[in-house]
Amino acid sequence: MKNVKKGHSCPVVCLDAGHCGKENRSPVASDFYESEVNWKLHNFLAERLEAYGISVRKTRKDQKTDMELTARGKQSKDADLFLSLHVNAAENANANYILGIHMVEDGCGEIDAQSKQVAELLANAVAAIMGAKPEVWTKRSSSDRDGNGYKDDYYGVLRGAHSVGTPGAIIEHGFYTNRAQAEFLLSDENLKKLAEAEAAALADWFGLQQKEQGSSLIGNPYKLELVSIRRGSRGAQVEALQALLICRGYSCGKSGIDGSLGPETESSLKQFQSAMGLDADGIAGPATMKALLGYR
Ligand SMILES: [Zn+2]
């Protein structure tokens, strides 16, 4: 693992859904409210991060509660990373770039460097899914957005995160003033693709990916107990799950142990769960993994 604070057994990410209630309606797609899309996306991202063994904290308990910007950033105290998820707006209806924003303060080398890396890597990951160009903006903490001589609250979330020693970034997932992008973001399937791409990029940044690929987890049940895997999960944990299912006489389809949790593996997983009297939800969490490993 890398980019985690001392004493953490897994990375901790604080997710902020940006805005609450019904805020920022799209002028070109009337069903679209930025606040609602951000909220869904942050929930999908939380699920995917947890599947990689990353612990997630959310800044707000429910979608309707408003919370001051700096306070949201400060919710990331003791976390390894703070992320605020957004969709941009512009007067130009053709604006479509993907934006990562990070903040720099003088004399905070490591936090600032990590913030920049994350802004870049997530802008790239989102851009690849949405087929648009990535951009990264570096803002000083003293940004005066409207030129009134005062620090504005626009980047308050990042200032709040920084004040508690957590690197952070704001990610703008395209523009809701752009019809094609607003429509793209109205699809849950597309939001899930974004969540998967962002989670994979972050797992890699935390050094989790390599660990999964580099070592067999079959002989390490304690490791397996740490993560929940489900439809769409990939990697060594899925290979271990498939091997255990096959050992118990369940088929994982023609491709066998392929490290990808598809419909056939999911169906076997559900059969196994119901045979064991477990919740047949197709999600291999601690109880299912223990049962597969023969724990009682
Ligand atoms: Zn926003």
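The model is a predicted one, and I took local features only at pLDDT of at least 70 and side-chain atom pairs only at pLDDT 80 or more, while totals for chains, interfaces and linings use all residues. Residue numbers start from 1 along each chain as its sequence is written. Helices (H or I, at least four residues) and strands (E, at least two) are DSSP runs numbered from the N terminus.

**Entry: pairing of E3**

I looked up the partners of E3, counting two strands as paired if DSSP finds at least two bridges between them. E3 runs parallel to E6, with six bridges between them. E3 is also parallel to E1, through four bridges. On that side I noted Leu81 of E3 opposite Val13.

**Entry: burial of E3**

I call a residue buried if 20 or more other C-beta atoms lie within 10 Å of its own, exposed if 12 or fewer, and partly exposed in between, with C-beta atoms placed from the backbone. By this count eight of the eight residues of E3 are buried. In a regular strand, side chains alternate between the two faces of the sheet. I find Leu81, Leu83, Leu85 and Val87 pointing one way, Phe82, Ser84, His86 and Asn88 the other, and all of them buried.

**Entry: helix H4**

H4 (residues 156-163) is largely enclosed by the rest of the structure, because six of its eight residues are buried. I list these as Val157, Leu158, Arg159, Gly160, Ala161 and His162. I then asked what covers them, taking two residues as in contact if their C-beta atoms, placed from the backbone, lie within 7 Å. The cover includes E1 (12-16), H2 (69-74), E3 (81-88), E4 (98-104), H3 (109-130) and E6 (168-175). After H4 comes Gly165, with a positive phi near 80°.

Asn24 is not a glycine, yet its phi is positive, about 60°. I place Asn24 in the loop between E1 and H1 (34-51). Asn24 has 19 C-beta neighbours inside 10 Å and therefore counts as partly exposed. Asp78, also not a glycine, has a positive phi of about 70°. Asp78 sits in the loop between H2 and E3, and with 13 other C-beta atoms within 10 Å it is partly exposed.

**Entry: the core**

A nonpolar core here is a set of buried Ala, Val, Leu, Ile, Met, Phe, Trp, Tyr and Cys residues joined through C-beta atoms within 7 Å. The largest has 72 residues, of which Val13, Leu122 and Val126 touch the most other members. At least three of its residues come from each of domain 1 (12-208) and domain 2 (215-292), with bounds from an automatic or database domain assignment. Apart from neighbours within four places in sequence, I find Val13 in contact with Leu49, Ile54, Val56, Ala79, Asp80, Leu81, Leu83 and Leu202.

**Entry: whole chain and confidence**

I count 11 helices and six strands. Of the 296 residues, 43% are buried. The pLDDT, the predictor's confidence in each residue from 0 to 100, averages 88 over the chain, and 88% of the residues score at least 70. By mean pLDDT, E1 is the highest element (98) and H8 (residues 221-224) the lowest (42). Residues 210-225 have pLDDT below 50, and this stretch makes 20 contacts in the model beyond near neighbours in sequence.
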